[in-house]
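Hello,

Here is the structure I promised to pass on.

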Amino acid sequence: MRAETQANVEAIEKTLKLLAQRMDWETAPHRLEEFDAMIEAPDLWNDPAKAQKLMRDRQALMDAVASYKLIESGLKENVELIELGEAEGDTEIVAEAEKALAELVKVAQAKELEALLDGEADANDTFLEINAGAGGTESCDWAAMLARMYVRWAEAHGYTVELQSETEGEGAGIKSASYKISGKNAYGWLKTEAGVHRLVRISPYDSAARRHTSFCSVWVYPVVDDNIEIEVQDKDIRIDTFRSSGAGGQHVNKTDSAVRITHFPTGIVVTSSLKSQHQNRDIAMKALKSRLYQMELDKRNAAINEAYENKGDAGWGNQIRSYVLQPYQMVKDLRTGYETSDTQGVLDGDLDGFMQATLALNASGKKRGEIADVD
């Protein structure tokens, strides 16, 4: 078997192992039997929300089992054809089976990514916040670059992007910005971007053309589904209205309609600065509930919890990714070791490789924040 074909076989076997692990292959048949028994219950639809969730969970498991069997049978069949063709000297059969395996690798990779997005809130819409670190104009300009990068990534994937609030920087860029990004698995993908992002470049604001290092933090929270209840008591919050300091144009705000909600027990502060005060209250409350929900998710997931506890300030030692534009071109993720020299492509929104590598790292059981070995 050729080395390339052997590599394809190993890649497919790796995917099968991951798929089996994610759905707990050994218990899957028993769980399907349980699902089948539950949907036969005469009082199933007395609680429509519970029934719909049951049907979705059953279908998801059925799809996972079917995908596993399809890939497993395709691998076995084509490996046998290659062995048969090689034994009989039939190069045509070998070539066809090798081509089929190459196509099966693509199918397996797609199913692997789907399996990685199986967290409790992965399918939800998401809030994404960007905050400039210390460094004045440099960091504010970097925050604006990151905002552009994420908007381009989201739009390229067919997501809807809504600006929730924005604060101008002093002289250039933005101090902070908050977006709601809507679409299937928006949170699942973007949760991999939470952390501190470091930029190294020749500053366009330095007359001496010196190299500068800037930091920004990115926070990501799932939008809470209507069927998830997060209680926020009136005594625990303060709601303030203020005049927005947006960048003008479509985001200009001429009245004191912007809303800030402060949650006393946690210290969380959320804002929204659209034109309608009523709309801003609704958006800010949803953002607060999403933040509180994220905290609950963190408590249940030690790896994610550790990442947030260790994230710290937007500065040295806390970054998850470095974007180096000078003296060489390189973007490198410090958690996974994944890197590319296509810095402009990344800044234009080509982030899939980084996201996939982080999802795969988390699925492997390594602690988030642990730097992977790179060959």
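**Salt bridges**

Glu 4 is exposed, with a relative accessible area of 52%. That value is over the 50% cut-off, so Glu 4 counts as exposed and not as partly exposed. Its salt-bridge partner is Arg 2, with the closest N and O atoms 3.7 Å apart. Arg 2 is partly exposed, at 44% relative accessibility. Please keep in mind that this is a predicted model.

The structure holds 19 salt bridges. Side chains of opposite charge can pair when their charged atoms come close. Here are some further cases.

Lys 53 pairs with Asp 57, and their closest N and O atoms are 2.8 Å apart. Both sit in helix 3 (residues 48-88), four residues apart, so about one helical turn separates them. An α-helix has 3.6 residues a turn, so residues three or four places apart point the same way. Lys 53 is partly exposed, with a relative accessible area of 44%. Asp 57 is also partly exposed, at 32% relative accessibility.

Arg 291 and Glu 129 form a salt bridge too, at 3.4 Å from N to O. This pair links distant parts of the chain.

**The chain overall**

The protein chain has ten helices and eleven strands. It has 375 residues, and buried residues make up 45% of them. Take the contacts with a separation of 6 or more: residues 24 or more positions apart account for 63% of these. The chain exposes about 19900 Å², and carbon and sulfur atoms supply 48% of that area.

**Nonpolar cores**

The largest nonpolar core has 56 residues. Leu 128, Leu 146, Tyr 150 and Tyr 323 have the most contacts inside it. Which helix gives the most to this core? Helix 5 (residues 137-156) does, with ten residues.

Tyr 323 is worth a look on screen. Leaving aside neighbours within four places in sequence, Tyr 323 is in contact with residues including Trp 142, Leu 146, Met 149, His 197, Val 200, Met 330 and Leu 347.

His 197 is found in strand 4 (residues 195-202). At 0% relative accessibility, His 197 is buried. Beyond its neighbours within four places in sequence, its contacts include Trp 142, Leu 146, Tyr 150, Phe 215, Arg 321 and Tyr 323. Ser 214 is another of its contacts. His 197 and Ser 214 are 17 residues apart in sequence, and their C-alpha atoms are 8.4 Å apart.

**Helix 1**

Helix 1 (residues 3-23) has 21 residues. At 1.5 Å a residue it should span 30 Å, and its end C-alpha atoms are 31 Å apart, so the two values agree. Its buried residues include Thr 5, Asn 8, Val 9, Ile 12, Leu 16, Leu 19 and Met 23. Asp 24 follows the helix, with a positive phi near 55°.

**A hairpin**

Strand 2 (residues 160-168) and strand 3 run antiparallel, joined by eight bridges. They form a hairpin with five residues between them. Gly 171 in the turn has a positive phi of about 100°. Across the pair, Glu 166 stands opposite Ala 177 in strand 3.

Tyr 179 also lies in strand 3 (residues 174-182). Its relative accessible area is 10%, under the 20% cut-off, so Tyr 179 is buried. Tyr 179 and Glu 162 are 17 residues apart in sequence, but 5.5 Å apart in space, C-alpha to C-alpha. Not counting residues up to four places away in sequence, Tyr 179 touches Phe 127, Leu 128, Ala 147, Val 151, Glu 162 and Glu 166, among others.

Best wishes

Notes: Residues are numbered from 1 along each chain as its sequence is written. This is a predicted model: local features need pLDDT of at least 70, side-chain atom pairs count only at pLDDT 80 or more; totals for chains, interfaces and linings use all residues. Side-chain values use heavy atoms; hydrogens and water are left out. A nonpolar core is a set of buried Ala, Val, Leu, Ile, Met, Phe, Trp, Tyr and Cys residues joined through side-chain atoms within 4.5 Å. Buried means under 20% relative accessible area, exposed over 50%, partly exposed in between (1.4 Å probe, protein chains only). Helices (H or I, at least four residues) and strands (E, at least two) are DSSP runs, numbered from the N terminus. Contact means heavy atoms within 4.5 Å. A salt bridge is a side-chain nitrogen of Lys or Arg within 4 Å of a carboxyl oxygen of Asp or Glu. The expected span of a helix is 1.5 Å times one less than its number of residues. Accessible areas come from the Shrake-Rupley method with a 1.4 Å probe; for residues, only the protein chains shown count as cover. Two strands pair if DSSP finds at least two bridges between them.
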